[in-house]
Amino acid sequence: MKMRKKSDLPSKICAHCGLPFAWRKKWERDWENVKFCSDRCRRAGPAAPGA
């Protein structure tokens with residue numbers, strides 16, 4: 001497998017903190033459903049509007 005630069009990987013915006021995060025190997029099969037950058041953001045849930 002050829003190594004890629006992190007900048008070449010797909011990225012998304014976290015639904016809780018609003019920061020961008022890059023694709024990870026462990027999310028390979030479920031990338032379409034990944035919404036949060038970390039377990040901490042996932043446990044906190046979506047941010048409240050205006051927060």
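## Fold and overall form

What pattern does the chain follow when read along the sequence? In this predicted model, the order is β-β-α. The chain has one helix and two strands. Its radius of gyration is 12 Å, well over the 10 Å that the globule rule gives for 51 residues, so the chain is more spread out than a compact globule.

Along the principal axes, the C-alpha atoms fill a box of roughly 40 × 20 × 15 Å. Of the contacts in the chain with a separation of 6 or more, 17% are between residues 24 or more positions apart.

## Surface and charge

Of the 51 residues, 20% are buried. The chain exposes about 4700 Å², and carbon and sulfur atoms supply 52% of that area.

The chain carries 13 positive and 5 negative charges. The mean position of the positive charges and that of the negative charges are 5 Å apart.

## Cysteines

How many disulfides does the count give? The count is zero. For Cys 17, the nearest cysteine sulfur is that of Cys 14, at 3.6 Å, and Cys 17 is in no disulfide.

## Ala 22 in strand β2

Ala 22 lies in strand β2, which spans 20-22. With a relative accessibility of 17%, Ala 22 counts as buried, because buried means under 20%.

Which residues does Ala 22 contact, leaving aside its neighbours within four places in sequence? They are Lys 6, Pro 10, Ser 11, Trp 27 and Trp 31. One of these, Lys 6, is 16 residues from Ala 22 along the chain, and the C-alpha atoms of the two are separated by 7.3 Å.

## The loop between β2 and α1

Trp 27 is found in the loop between β2 and α1, and the helix α1 covers 39-44. A relative accessible area of 13% makes Trp 27 buried. Beyond its neighbours within four places in sequence, Trp 27 is in contact with Phe 21, Ala 22, Val 34, Phe 36 and Cys 37. Trp 27 and Lys 5 are 22 residues apart in sequence, and their C-alpha atoms are 17 Å apart in space.

Where is Lys 26 placed? Lys 26 is also in the loop between β2 and α1. Is Lys 26 buried or exposed? Its relative accessibility is 65%, so Lys 26 counts as exposed, whereas Trp 27 is buried. Lys 26 and Arg 4 are 22 residues apart along the chain, with their C-alpha atoms separated by 16 Å.

How values were computed
Residues are numbered from 1 along each chain as its sequence is written. This is a predicted model: local features need pLDDT of at least 70, side-chain atom pairs count only at pLDDT 80 or more; totals for chains, interfaces and linings use all residues. Side-chain values use heavy atoms; hydrogens and water are left out. A disulfide is a pair of cysteine sulfur atoms within 2.5 Å. Helices (H or I, at least four residues) and strands (E, at least two) are DSSP runs, numbered from the N terminus. The radius of gyration is taken over C-alpha atoms; the globule rule is 2.2 Å times the number of residues to the power 0.38. Buried means under 20% relative accessible area, exposed over 50%, partly exposed in between (1.4 Å probe, protein chains only). Contact means heavy atoms within 4.5 Å. Accessible areas come from the Shrake-Rupley method with a 1.4 Å probe; for residues, only the protein chains shown count as cover. Lys and Arg count as positive and Asp and Glu as negative; His and the chain ends are not counted. The place of a charge is taken as NZ of Lys, CZ of Arg, CG of Asp or CD of Glu.
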